[in-house]
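Please look over the sequence and the model, then read the points below.

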Amino acid sequence: LRILGIETSCDETAAAVVIRLPDGSAVTEADVVLSQLDEHSAYGGVVPEIAARAHVDALDTLIEEALTRAGISLSEVDAIAATSGPGLIGGLLVGLMTGKAIARATGKPLYAVNHLEGHALTARLTDGVAFPYLMLLVSGGHTQLVLVKGVGEYERWGTTIDDALGEAFDKTAKLLGLPYPGGPAVERAAATGNPKRFAFPRPLVGEARLDFSFSGLKTAVRQAAEGIAPVTDQDIADICASFQHAISRTLKDRIGRGLQRFKETYPDVAEPALVVAGGVAANKEVRQTLDTLCAEHRFRFVAPPHHLCTDNAVMIAWAGLERMALGMPSDDLAVAPRSRWPLDQDAKALLAYGK
Ligand code: ATP
Ligand code: MG
Ligand code: FE
């Protein structure tokens, strides 16, 4: 089975060609991503209208590039998978309409894929992880702990009640005068800082529910910075290190409870796994924290390579392939993009199909 994947939900335009072999493994024939970082960095965040126009400009060329790299023509793909939500509606429209047009022109089936499902299933492509497992998605727009029970079967165990974790990094960087995107800049500054200088809050730590909250942390960072004048590079380094330290402690508590709950829910799973996804998974301290935590709880820790943790079309293609392999129905060409689309609603949608 060979599929063309299209991703346009946020600020990356991406196309990929992926094959799924009968044994369940995958071959990525092409993986092209065009980041719009330069278009948005002057604004310190993603501007929806600029993003949509950039997708329009780039997508056709990117799809051609992906087909060229794969050495195939459109008639050689068995299906098309396009992100249809959640995300910025302008970008989603561009990608989904392009997918529909190709499906209509070639007569191939279209799979409208939930972007979060793409992130959730990536570890099966990269590491062959078996269901059920836990997935932590930490990106610029999402912070979720999800139980992945099967294709189309997800339970959201925890989510952020305010800012996403990547957003907290971005906002912290902005108020410290560091460049966008904030994550890498904060991590770089933190490397030479003192993580014990500031005692930043660790929101929701100790609570039984598995949610996250990061907006208080950002406020505490602002107050710390305002309390120092003039702010030196060392102060910034110390703030960043203390910020990362607070995050690492928060994740340790929150995710630790999640792992515990998983063990109670599935006592018979011999090798439970925690999978990470999203741009923040690039952060070394975050990775280290999760790695250690997993070792303590005897979980396998799976962190796919960075380019498959951030937004890409390989994961969208793979999600489509997983559905195809199970004989799940493709989508009607009338399917509409959805800017909001919680992952757990997939299960209900599939139930409606009578699965
Ligand atoms: P989404 O996938 O949620 O729609 P997105 O495009 O913002 O949104 P990603 O591209 O997966 O998500 O990740 C970008 C986020 O990851 C940004 O918030 C960025 O600051 C953060 N990030 C990237 N590298 C690091 C790092 N080294 N440390 C911490 N955060 C990082
Ligand atoms: Mg992005
Ligand atoms: Fe994403």
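The model is predicted. The chain has 355 residues, of which 51% are buried. UniProt lists three residues under "binding site" in an unreviewed entry: His115, His119 and Asp311.

**Overall fold**

- The chain contains 12 helices and 10 strands.
- Its radius of gyration is 21 Å, close to the 20 Å that the globule rule gives for 355 residues, so the chain is as compact as a globular protein of that length.
- Taken along the principal axes, the box filled by the C-alpha atoms is roughly 65 × 50 × 30 Å.
- Of the contacts between residues at least 6 apart in sequence, 73% link residues at least 24 apart.

**Annotated domain**

- An unreviewed UniProt entry carries the annotation "domain: Gcp-like" for residues 30–318.

**Annotated binding site**

- His115, His119 and Asp311 come from the "binding site" annotation in the unreviewed UniProt entry. They span 197 residues in sequence, yet no two of their C-alpha atoms are more than 8.7 Å apart, so they gather at one spot.
- His119 belongs to helix H4, which runs over residues 115–127.
- With 32 other C-beta atoms within 10 Å, His119 is buried, because 20 or more such atoms make a residue buried.
- Not counting residues up to four places away in sequence, His119 touches Leu137, Ala277, Gly278 and Met315.
- Asp311 sits in the loop between helix H10 (306–309) and helix H11 (314–325).
- Asp311 is also buried, with 28 other C-beta atoms within 10 Å.
- Leaving aside neighbours within four places in sequence, Asp311 is in contact with Glu7, Cys10, Glu12 and Ala14.

**Around ligand 1**

- Ligand 1 is surrounded by 23 residues, and the closest are Gly140, Gly141, Gly166, Gly183 and Gly279. Helix H5 (165–175) and helix H6 (182–190) are the elements that give two or more residues to this shell.
- Helix H6 provides the largest share of the shell, 4 residues.
- Sorted by class, the shell around ligand 1 holds 13 polar, 6 nonpolar and 4 charged residues.

Notes: Residues numbered from 1 in each chain as written. Chains lettered and ligands numbered in written order. Predicted model: local features only at pLDDT ≥ 70, side-chain atom pairs only at ≥ 80, totals over all residues. Near = placed C-beta within 6 Å. Nonpolar A, V, L, I, M, F, W, Y, C, P; charged D, E, K, R; others polar. UniProt positions renumbered as here; feature names shortened; annotations may be inferred. Rg over C-alpha atoms; globule rule 2.2 N^0.38 Å. Buried ≥ 20, exposed ≤ 12 C-beta atoms within 10 Å, placed from the backbone. Contact = placed C-beta atoms within 7 Å.
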